[in-house]
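Good morning. I will take a few minutes on one structure, so please have a look at it first.

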Amino acid sequence: MTKAELGLIGDAELVEELSVLTTQTARMRARMADIMAELERRRCAKPVQPRARR
């Protein structure tokens, strides 16, 4: 959306759009935290295997 387009939208619509984007951002951050926690859990749960010598 361009600045010109933003100028055509009313205040209520802009506030609503900002609210939607804020909610989406919060959900994405929470999802990212869940994924990172799961990856960390998996990394810590893997048994440590000795390396084969060559």
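Let me start with charge: the protein has 11 positive and 8 negative charges, and their mean positions are 24 Å apart. Lys and Arg count as positive, Asp and Glu as negative, while His and the chain ends are not counted. Each charge is placed at NZ of Lys, CZ of Arg, CG of Asp or CD of Glu.

A word on the source: this is a predicted model, where local features need pLDDT of at least 70, side-chain atom pairs count only at pLDDT 80 or more, and totals for chains, interfaces and linings use all residues. Residues are numbered from 1 along each chain as its sequence is written, and side-chain values use heavy atoms, without hydrogens and water.

Now the overall form. The protein has two helices and zero strands (DSSP runs, H or I of at least four residues for helices and E of at least two for strands, numbered from the N terminus). Along the principal axes, the C-alpha atoms fill a box of roughly 70 × 20 × 5 Å.

What share of the 54 residues counts as buried? The figure is 0%, where buried means under 20% relative accessible area, exposed over 50%, and partly exposed in between, with a 1.4 Å probe and protein chains only.

Two residues as examples. Leu6 is in helix H1, residues 3-8, and is partly exposed at a relative accessible area of 35%. Glu16 belongs to helix H2, residues 11-45, and is also partly exposed, at 48%. From the C-alpha atom of Glu16 to that of Ala26, 10 residues apart along the chain, the separation is 15 Å.
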